[in-house]
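Subject: A structure to look at, with notes

Dear colleague,

Here is the structure that I promised to hand over. Please open it beside this message, and read the notes below once you have it in view.

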Amino acid sequence: MRHFLLGTDWGEDCDDAVAVRILARKHKAGEIDLCGIGLNTRFDQSVPSLAAFLEGEGVCVPIGIDRNCPELHGRITYQKRLAARRPDVTNADAEDAVRLYRRILAEAREPVEIMEIGFLQVIAAALLSGGDDISPGTGMELFREKVARVWIMGGRWDVDGGKEYNFSRDATACRAAAELVANCPAPITFLGWEVGATVITGSKLGEDDMLHLVLADHGSAKGRMSWDPMLVHLAVIGDEAGAGYTAVSGTAAVDPATGVNRFTAGDGPHRYVVKAREDSHYAAAIDEIIQ
Ligand SMILES: [Ca+2]
């Protein structure tokens with residue numbers, strides 16, 4: 001059994017919800033162990049809406065939230081309907097996400113893989129953390145001992161000097177992406193913006209399906225680009241070629257001031273994926289899981 005942590009910017013975009021459904025279905029089927037979910041954005045209804053969504057999926061997974069993240073008031077669309085199902089839950093009920101990451105890694109008896117489909121400040125802070133009451137080990141020690149691979153939806157790898165939202169939204173996002181990519185002792189596979197932008201999933205859900213309502217509330221009732229679902233689907237398969245991609249190996253770097261990413265091909269700890277199949281192949285695979 002493979003064990004996964006998920007980091008998500010659950011909030012503005014709805015492709016995170018498609019990704020969470022994939023993981024919930026795989027977890028419920030006993031195909032993977034989803035150990036926890038860390039929220040790297042914080043809106044009024046972040047935790048209650050995610051708790052309601054997970055409950056609707058029939059799974060119970062620990063939720064953490066970045067307590068240092070300023071409360072955001074962006075274009076949130078689908079939290080309100082979900083949060084109404086769990087009026088008993090507030091953001092204060094979730095553990096700090098960095099502590100959640102440290103705790104899960106410290107307690108893990110088998111390797112853990114980390115998937116990130118949002119901003120990287122939580123995983124970067126966990127990596128650069130010092131010992132605490134959870135574990136005397138530093139984040140670097142915990143990662144070296146426990147983290148087998150990191151899977152990241154982020155960057156743009158089809159052009160030199162690509163720039164993508166998860167690495168560049170603000171100064172915190174830029175710095176975190178640079179720190180994580182430069183220091184992570186585990187290998188990283190990136191799925192970039194260019195991979196998911198033309199793959200549409202979620203158009204075949206039933207009218208009453210909770211995920212359909214999420215997509216509809218977002219204005220994407222006919223489906224949404226598939227950045228996050230493609231990343232988690234790739235991670236769950238666990239093999240780039242097996243998931244329908246060519247992997248380019250080398251060393252990635254992110255500019256801490258701008259979030260611009262670059263890649264030097266060759267021997268190195270990083271890979272980014274390039275689609276080896278038609279878009280319809282990935283869309284069909286994901287739609288089959290989420291229906
Ligand atoms: Ca996301």
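A crossing of two helices is called left-handed if the near helix is turned anticlockwise from the far one by less than a right angle, and right-handed if clockwise. Before the findings, please note that this is a predicted model, in which local features need pLDDT of at least 70 and side-chain atom pairs count only at pLDDT 80 or more, while totals for chains, interfaces and linings use all residues. Residues are numbered from 1 along each chain as its sequence is written, and side-chain values use heavy atoms, with hydrogens and water left out.

Two helices come first. Helices (H or I, at least four residues) and strands (E, at least two) are DSSP runs, numbered from the N terminus. The axes of α4 (residues 97–107) and α6 (residues 139–146) come within 10 Å and cross at roughly 45°, where axes are lines fitted to C-alpha atoms, for helices over the stretch in contact, and angles run from 0 to 180 degrees between N-to-C directions. The two helices are therefore oblique to each other, a word kept for angles that are not under 35 degrees (roughly parallel), over 145 (roughly antiparallel) or 65 to 115 (roughly perpendicular). Their crossing is left-handed. The contact (heavy atoms within 4.5 Å) is made by R102, L105, A106 and E107 of α4 together with G139, L142, F143 and K146 of α6.

Next come the aromatic rings. Rings of Phe, Tyr and Trp (its six-membered ring) pair if their centres lie within 6.5 Å, and planes under 30 degrees apart count as stacked, over 60 as edge-to-face and the rest as tilted. A search of the whole structure finds nine such pairs. One of them is W10 with Y78, edge-to-face at 5.4 Å centre to centre, with 90° between the planes. W10 sits in the loop between β1 (2–8) and α1 (15–28), and Y78 in the loop between β3 (63–65) and α3 (79–83), 68 residues apart. W10 is buried, at a relative accessible area of 0%, and Y78 is buried as well, at 0%; buried means under 20% relative accessible area, exposed over 50%, and partly exposed in between (1.4 Å probe, protein chains only).

W157 and Y272 form a stacked pair, 5.8 Å centre to centre with 10° between the planes. W157 lies in the loop between β6 (147–153) and α7 (165–168) and Y272 in strand β12 (residues 270–275), so the pair ties together parts that are 115 residues apart in sequence. W157, F167, F190, F263 and Y272 form one aromatic cluster.

Best wishes
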